[in-house]
Amino acid sequence: MAATLIYGEAGPNRGVRAEATQWFVDKVAEQTKGEVTIDVNWGGALFSEKAAVESIRDGVADMGSVIGVYFPQDMIAYGLADLPIPNPDPWVGMKATDKLMRENAQIRENLANQNLVYIGTYTTSAVQVGCKGKTITSLDDVKGLKIRGVGAYGKVFHDLGATPVDMSVYEAFQGLDTGLIDCTQTYPYLVEALKFDEVFDSYTELDFGQIGALGIMMNKDSFDALTPEQQQALMTAGEGLADEFGRILTDANARSVKILQDKGTPVLKISDEDRARLSEAGKKYIGEWIQRADGAGLDGQALVDRYTALIAEFAQQRDEQGYPWAAKAN
């Protein structure tokens with residue numbers, strides 16, 4: 001049974017996530033011997049990043065990319081991966097998130113009730129900050145700045161004295177260029193993908209958690225209409241996304257930082273003491289998420305504990321076996 005699935009993506013057809021999405025599309029076609037093809041509509045042609053969940057749920061597209069932070073209630077379970085839980089390693093975070101989303105019956109049921117199925121995950125890698133006309137060398141420098149921040153990270157910037165500005169990451173270039181914001185929460189690979197090197201005067205590595213609730217959701221009716229073999233092909237390709245995107249992201253992060261360095265843009269790091277302050281400042285937002293998850297019928301503390309254990313599990317696997325793409329290269 002042949003099927004063409006319509007995929008909505010708010011981001012542009014360039015950069016690392018686009019590359020990984022194309023890998024996923026190709027892998028599904030390969031595993032189904034061409035039976036299932038995926039037609040990706042890039043650049044928000046079908047829906048914006050802030051309308052993704054309802055659009056997929058209602059069948060505007062069969063599947064698409066979802067940024068969980070824009071849907072704090074609908075994506076409450078997935079939002080666990082956005083919490084400031086210490087782990088700067090993108091691959092470890094993706095593997096932990098992916099396993100939790102697949103194995104937890106509460107999460108599967110929560111999504112099914114919204115006519116959604118989880119397919120696979122991306123991550124932003126560690127939260128950093130880029131500025132125009134300003135420089136952040138320590139957390140004290142955040143005070144008084146207009147910063148685009150999202151989720152718990154934006155709230156922590158506010159707690160540190162910044163003025164938070166609500167806009168999507170795709171609007172941040174213009175926001176910096178026009179002076180609407182001084183700085184934006186960002187992630188290394190976006191420097192290249194969104195040409196932030198053209199507006200950043202400084203870039204500070206906070207290594208402050210990750211936005212990990214960033215992945216592929218599918219309309220459950222569309223998923224159920226596929227054969228079991230086709231469904232398995234989607235799930236297998238989705239599970240492989242963490243390894244492939246981990247490989248792509250590691251290279252892209254290094255490449256983006258080099259772009260800034262080659263332009264002479266200062267690339268700064270906060271101190272270990274400041275990083276500890278950030279971690280401490282984030283704890284209350286983990287507590288808030290647990291309360292909200294409980295209110296949605298989930299066991300919030302159990303999910304946090306399981307996610308933390310999975311991070312430790314995959315960190316140990318990395319330390320003992322190395323990254324999977326490094327092993328393949330040897």
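Biologist: Which ring does the charged end of Arg17 sit over, and how far is it from the centre?

Modeller: A charge sits over a ring if NZ of Lys or CZ of Arg is within 6 Å of the ring centre and within 35 degrees of the ring normal. In this predicted model, the charged end of Arg17 lies over the ring of Tyr122, at 5.7 Å from its centre. Local features need pLDDT of at least 70 and side-chain atom pairs count only at pLDDT 80 or more, whereas totals for chains, interfaces and linings use all residues. Residues are numbered from 1 along each chain as its sequence is written, and side-chain values use heavy atoms, with hydrogens and water left out.

Biologist: How many aromatic pairs does the structure hold?

Modeller: A pair of aromatic rings is described by the distance of the centres and the angle of the planes. Rings of Phe, Tyr and Trp (its six-membered ring) pair if their centres lie within 6.5 Å, with planes under 30 degrees apart counted as stacked, over 60 as edge-to-face and the rest as tilted. The structure holds 9 such pairs; one of them, Tyr153 with Phe208, is edge-to-face, at 4.8 Å centre to centre and 85° between the planes.

Biologist: Are Tyr153 and Phe208 buried or exposed?

Modeller: Both Tyr153 and Phe208 are buried, where buried means under 20% relative accessible area, exposed over 50% and partly exposed in between (1.4 Å probe, protein chains only). Tyr189 and Phe245 also form an edge-to-face pair, with 6.3 Å between centres and 80° between planes, and both Tyr189 and Phe245 are buried.

Biologist: Which residues form one aromatic cluster?

Modeller: That cluster is formed by Trp91, Phe314, Tyr323 and Trp325.
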